[in-house]
Amino acid sequence: MTTGSSSTSTADPGISTFKGEESALRAGRLGTAGLLLSVLAATAPLMVVAGVMPTTFAVVGAVGQPLLFLVLGVVLALFSVGYAEMSRHVHNAGAFYAYISRGLGATTGSAAALVALVAYSAFQVGIFGMFGFEVSSLAQEHLDVQIDWWIPALVAVALVAVCGLLKIDINARVLGVLLLIEVALVVVFDVAAFGDPGKEGVSLHAFNPDTLSGVGIGTALCFCISAFAGFEQAPVYAEETSRPHILVPRVMFLAVGGVAVFFAISSWALTVATGPAGIVGEAQKQSAGLLFGLTEDRLGGTFTDIMHVLFITGMFAAMLSFHNVVARYAFAMGREGLLPAAFARTNSASGAPSAGSVLQSVIALVVVIGFALSDSGAAGDPTAPVLHLFTWGGNIGALGVILLMATASLAVIVFFAKRGAAGAQAWRLIASGIAGLALLVIAGYTVKDFDVLVGSGPDSALNWLLPGVIVLAALVGVAHSLVLRSRNPEAHARIGLGNEAFQLEKKAG
């Protein structure tokens, strides 16, 4: 059974929505390839291989990172079993909060909506810092031109803002091209590493379970799960596909499986290139330069320069992907009274949620300017503001998404139990339960190890202030829901229904 589609037929050009056609996302814009590329772009393969992986090796000292990616792949595949089944029944650009509303009630859904908005915004704006730093570094190295990091960051804000107002299928093409080039470069490195291994040869030691027995494995889980961010975004685009009940589950499983295997192989390639015994020391010495140093030794300076450039374009793709998701969450929230009604309108030419897109552009602009003003180092030394923007944003976003996934797992169980379908869906509900518990454990480690994740030190107030951003978002969402329920109970009852509210109102009329 599928309900809530924004279009009753793929052959029907009309769009039925309880807010009117001008408030509808355009159905049929994305197929399997476009949807898959749109969500995978958020994973930013080069940023993970060049940034997340060396950081995890250096900070945690665990050689078994490849095995960890496979373990997380299993956990997230279990999560996807219930989440994908839910997507067959609920088609709503609000995704997480729509599912949570349908299972756990409108008030919990309202809290989830604001957490999603904050988490994905934090993910996006955090990348602007690293983007600006990399562009300024390349300009200094190759053009002998000194550019403050915030200048390319602001240019990127403007470019993302423009792209965010285009048709989603055009965005998908841009994201797809950039993603495929990134993947190709990483694959070339992987092949080179296995073809020219370190002194220990092509060792399988990184897949030995004993490598995951250290005390830092919880922290490693926190680092590595952020690399998967994006696969869960497929339902956000459900209203813009022709067959959401088929395409969304398909893309989710392709994404989580592909990401797990790709990152496991790539992190294994890093251990092979340095030797398992040397990977931690090399990562600590070279940090984010590890990948580029290894490619220069094996593939030459030209290839490494190309990889640096694609590292930048990959970050741009990730920023655009997160921007699109935030815009659609804002659209769904405006449609259901959680944001002003203006956010529920789409651009007549492109069908893009223009108000939500502008909102995210303004958020990014304000945050980048704020961090630029905090850059008081000599000649605009970017180190502190960039590291803060990137690590704070990324870890706030990761914590929010982990908690959303855990809550959605519970919502799936309750949703089908309330429908009397617990027996028929038993194995999916068991999978959701296992995944939910595992995600809660990872969330606990994330909060516990926040000082390590953001490099703040054990006694820093940031260790509770930054996770507190997610808690505050949830509390504001609950308060807003309670106010809405007292002032406009009909709107409150529609939270999570999306376009299905139109069908219910037609039947009632």
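Student: How many cavities of 30 Å³ or more does a search of the whole structure find?

Tutor: In this predicted model, the search of the whole structure finds 1 such cavity. About 70 Å³ of space lies in the largest cavity.

Student: What makes this space a cavity and not a pocket?

Tutor: The term cavity applies because a 1.4 Å probe fits at its points but cannot get out, whereas a pocket is an open set.

Student: Which residues line the largest cavity, and which helix gives the largest share?

Tutor: The lining includes Leu76, Phe123, Ile225, Ser226, Glu232, Val401 and Met405. Helix α13 (residues 383-418) supplies the largest share, 4 residues. By class, the lining divides into 10 nonpolar, 1 polar and 1 charged.

Student: Why is Gln124 called buried?

Tutor: The relative accessible area of Gln124 is 1%, and buried means under 20%; Gln124 is therefore buried. Gln124 lies in helix α5 (residues 106-143).

Student: With which residues is Gln124 in contact, leaving aside its neighbours within four places in sequence?

Tutor: Its contacts are Val160, Met319, Phe322, His323, Gln360 and Ala364.

Student: Which residues have the most contacts inside the largest nonpolar core?

Tutor: They are Tyr120 and Tyr329, in a core of 167 residues. Helix α11 (residues 290-335) gives the most to this core, with 23 residues.

Student: How do you know that Tyr120 touches Tyr329?

Tutor: Contact means heavy atoms within 4.5 Å, and Tyr329 is among the residues that Tyr120 touches; the pair therefore has heavy atoms within 4.5 Å. Beyond four places in sequence, Tyr120 also touches residues including Phe96, Phe322 and Val401.

Note on methods: Residues are numbered from 1 along each chain as its sequence is written. This is a predicted model: local features need pLDDT of at least 70, side-chain atom pairs count only at pLDDT 80 or more; totals for chains, interfaces and linings use all residues. Side-chain values use heavy atoms; hydrogens and water are left out. A nonpolar core is a set of buried Ala, Val, Leu, Ile, Met, Phe, Trp, Tyr and Cys residues joined through side-chain atoms within 4.5 Å. Buried means under 20% relative accessible area, exposed over 50%, partly exposed in between (1.4 Å probe, protein chains only). Helices (H or I, at least four residues) and strands (E, at least two) are DSSP runs, numbered from the N terminus. On a 1 Å grid over the protein atoms alone, a cavity is a set of points where a 1.4 Å probe fits but cannot get out, and a pocket is an open set with protein on both sides within 12 Å along at least five of seven lines; lining residues have an atom within 4 Å of a point. Grid points are joined across faces, edges and corners, and a volume is the space filled by probe spheres set on the points. Ala, Val, Leu, Ile, Met, Phe, Trp, Tyr, Cys and Pro count as nonpolar, Asp, Glu, Lys and Arg as charged, and the others, Gly among them, as polar.
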